[in-house]
Amino acid sequence: MSAVGDVALRASQEPAGRPRRMGDPGPLGKFGDYGGRFVPESLVGACREVEEAFREAWSDPQFRGSLATLLSVHVGRPTPLTPAWRLSAELGINLLLKREDLTHTGSHKINNALGQALLAARMGRTRLLAETGAGQHGVATATAAALLGLKATVFIGERDAQRQALNVFRMRVLGAEVVEVTTGSRTLKDATSEAMRQWVGALEDAYYCVGSVVGPYPYPWMVRELQRVIGEEARGQCAGELSTGVPDYVVACVGGGSNAAGTFAGFVDTGAQLIGVEADGGAGASRGRLGVLHGFRSLFLQDDDGQITEAESIAAGLDYPGVGPEHAYLRDLGRARYVTVTDTEVVDAALRLARTEGILPALESAHAVAWVIRAAEAGELPPGATVLLTLSGRGDKDTTTLMELL
Ligand SMILES: *Cc1c(COP(=O)(O)O)cnc(C)c1O
């Protein structure tokens with residue numbers, strides 16, 4: 001997707017004055033030097049249409065009300081904020097878990113998929129197109145489509161389809177058409193390219209439902225806004241029922257970065273330290289270089305020739321070679337810090353949380369737990385520090401991976 005769209009032609013510029021962090025990125029969709037809309041001419045209009053429709057919907061109390069109702073009665077929001085009593089005692093900190101694992105379908109992906117499905121219906125579209133890697137976004141999209149009476153077509157790399165057979169079956173049971181992509185490395189990167197290609201040919205009736213804070217503008221902004229509910233609920237819960245006040249640290253795992261962006265958005269205007277935890281083999285924010293892929297400019301893992309390389313992680317949901325543009329910007333500003341953990345630390349952390357708290361996290365979410373354990377044990381977290389951690393999903397989908405290891 002190297003063709004030039006409307007934004008690519010213009011020089012990057014900061015808005016005058018101090019930019020409002022995690023606010024509206026403005027008509028160019030830029031987060032500092034990152035973001036934008038690098039799509040073929042044929043998709044520029046479609047992206048603009050989505051942007052306009054979302055701006056209008058997001059300022060319409062009726063749309064917000066409908067979404068809030070669905071998030072309550074169908075998804076089970078608000079999700080609890082659970083103090084991790086025993087692990088906190090072991091680590092000498094005060095660890096609070098934001099329980100996205102307790103949502104319907106088992107991860108934060110549904111917050112975004114449902115919001116975009118509602119937008120698609122409002123735009124008069126009848127079909128959702130989506131890419132998926134681990135299958136979580138595919139399942140969330142298939143679920144939202146069934147709920148709203150829309151059709152869904154989900155693109156998945158052939159290799160991922162074999163690894164995630166259960167989720168492929170779930171999508172089909174929910175009525176979605178699943179297309180296995182056989183090009184390239186046959187994983188998420190290729191599924192995303194194919195979904196964008198199909199969108200070009202079906203602009204009249206199809207809506208492209210992106211699964212993270214990636215893709216051409218307005219997607220990184222829109223998906224962050226749809227995930228903001230995580231951070232805003234957590235902020236209220238810290239102030240209210242738990243009376244902990246603003247936490248010292250706010251921690252979330254980062255693949256494309258949507259659960260982290262939604263969490264950070266609730267705390268970016270506080271003194272909390274924001275920490276994004278990446279997979280050692282998928283560390284776009286920590287080790288990526290400037291590049292353009294899938295319609296946006298950001299940090300991507302690349303070889304010496306500038307070819308984007310494959311990400312490799314035990315958690316399929318973190319197998320993306322880049323990171324959302326706003327994370328790259330927050331990193332440059334020094335407002336958020338990005339760290340990595342290894343697969344071994346992740347498995348240990350998942351088991352430790354299961355055995356101390358009775359919660360088996362998704363391996364993606366266990367990245368955040370692994371960093372907190374390491375930092376607390378190394379004395380990097382001051383004793384008694386309050387740490388809010390977003391548990392992005394539940395570990396049921398990972399039991400076969402764990403069975404092979406244990
Ligand atoms: C997809 C997924 C992630 C990674 O996606 P982000 O956009 O970075 O949030 C993390 N956790 C779970 C459970 C997922 O399904």
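A polar side-chain atom of Asn259 lies 2.8 Å from an oxygen atom of the ligand, a polar contact being a pair of N or O atoms within 3.5 Å. Lys109 and Ser212 also place polar side-chain atoms by ligand oxygen atoms, as the table shows.

| Residue | Distance from a polar side-chain atom to a ligand oxygen atom |
|---|---|
| Asn259 | 2.8 Å |
| Lys109 | 2.8 Å |
| Ser212 | 2.6 Å |

On its own, the ligand has 380 Å² of accessible area, and the protein covers 97% of that (Shrake-Rupley method, 1.4 Å probe).

This is a predicted model, in which local features need pLDDT of at least 70 and side-chain atom pairs count only at pLDDT 80 or more, while totals for chains, interfaces and linings use all residues. Residues are numbered from 1 along each chain as its sequence is written, and side-chain values use heavy atoms, leaving out hydrogens and water.

Now for the wider surroundings. There are 18 residues around the ligand, and those that come nearest are Lys109, Ser212, Gly255, Gly257 and Ser258 (near means a heavy atom within 4 Å). The shell consists of four nonpolar, twelve polar and two charged residues, with Gly counted as polar.

Where do these residues come from? Domain 1 (4–68 + 109–219) and domain 2 (76–107 + 228–405) each give at least three residues to the shell around the ligand; the bounds come from an automatic or database domain assignment. The C-alpha centres of domain 1 and domain 2 are 22 Å apart. Their contact (heavy atoms within 4.5 Å) takes 37 residues from domain 1 and 43 residues from domain 2.

Terms used:
A polar contact is a pair of N or O atoms within 3.5 Å; within protein, one must be able to donate a hydrogen and the other to accept it, and residues adjacent in sequence count only if both atoms are side-chain atoms.
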